[in-house]
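Please open the structure in the viewer and keep the sequence at hand.

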Amino acid sequence: MPVSTSAGHHDCVAMARIVVASLPFAGHVGAMTAVAAVRAGVPLVVAGASLDKPEVARRVAWSGVGKNLHTGRPGAGRVRRAVRQLARPEHARRARELGAKMAAAGGAGAAATLLEQLIVDRTRRDDGPDASVAAFTAR
């Protein structure tokens, strides 16, 4: 496929760098790109029909941080209208609010700690205190 003279070709793109420079960001968005955008306070126009993309699109729309285009192949006009709609300040404000809540929650480290504690608590409840450490470390 020919590449436009105004565009470059890259085998790998650092999506987080592109997302933070966008307002809003439009693309085939998976979970990691959605998290990067929300943490940066950037609203999303989401398309995608494979892997986790339809579920991510539903969650983006449900949370109020973007628009789900409900397809993996939206036309340029549809994307343009959605980008213009989300360029309004209230959409960026919602993305910033949710991004701040995500940051305050402690990120992946806090999630891992909560999951570890849940495993220990459930194992302790089911098998007694000694079995919890053995079950957790056996994995």
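With which residue does Glu55 form a salt bridge? Select Glu55 and Arg58 in this predicted model: these two residues form a salt bridge, and their closest N and O atoms are 2.9 Å apart. Both lie in helix H3, which covers residues 53-63, and they are three residues apart, about one turn of the helix. Glu55 is partly exposed, at 31% relative accessibility, and Arg58 is partly exposed with a relative accessible area of 48%.

Arg59 forms a salt bridge with Glu55, with 2.7 Å between the closest N and O atoms. Arg59 and Glu55 are separated by about one helical turn because they stand four residues apart in helix H3. Arg59 counts as exposed, at 55% relative accessibility.

Arg94 is partly exposed at 26% relative accessibility, as is Glu97, with a relative accessible area of 40%. The model has four salt bridges by the rule applied here.

Finally, select Lys67, Arg78, Arg80, Arg81 and Arg84, which form a positive surface patch. Which helix supplies the largest share of this patch? Helix H4, residues 76-86, contributes four residues. Arg84 lies in helix H4 and is exposed, with a relative accessible area of 58%.

Notes: Residues numbered from 1 in each chain as written. Predicted model: local features only at pLDDT ≥ 70, side-chain atom pairs only at ≥ 80, totals over all residues. Heavy atoms only, no water. Patch = residues over 30% accessible without salt bridge, like charges linked within 9 Å, V, L, I, M, F, W, Y side chains within 5 Å. Areas by Shrake-Rupley, 256 points an atom, 1.4 Å probe, with all protein chains shown as cover. Salt bridge = Lys/Arg side-chain N within 4 Å of Asp/Glu carboxyl O. Lys, Arg positive; Asp, Glu negative; His and termini not counted. Charge placed at Lys NZ, Arg CZ, Asp CG, Glu CD. Helix = DSSP H or I, 4+ residues; strand = E, 2+ residues; numbered from the N terminus. Buried < 20%, exposed > 50% of the residue type's maximum accessible area, 1.4 Å probe, protein only.
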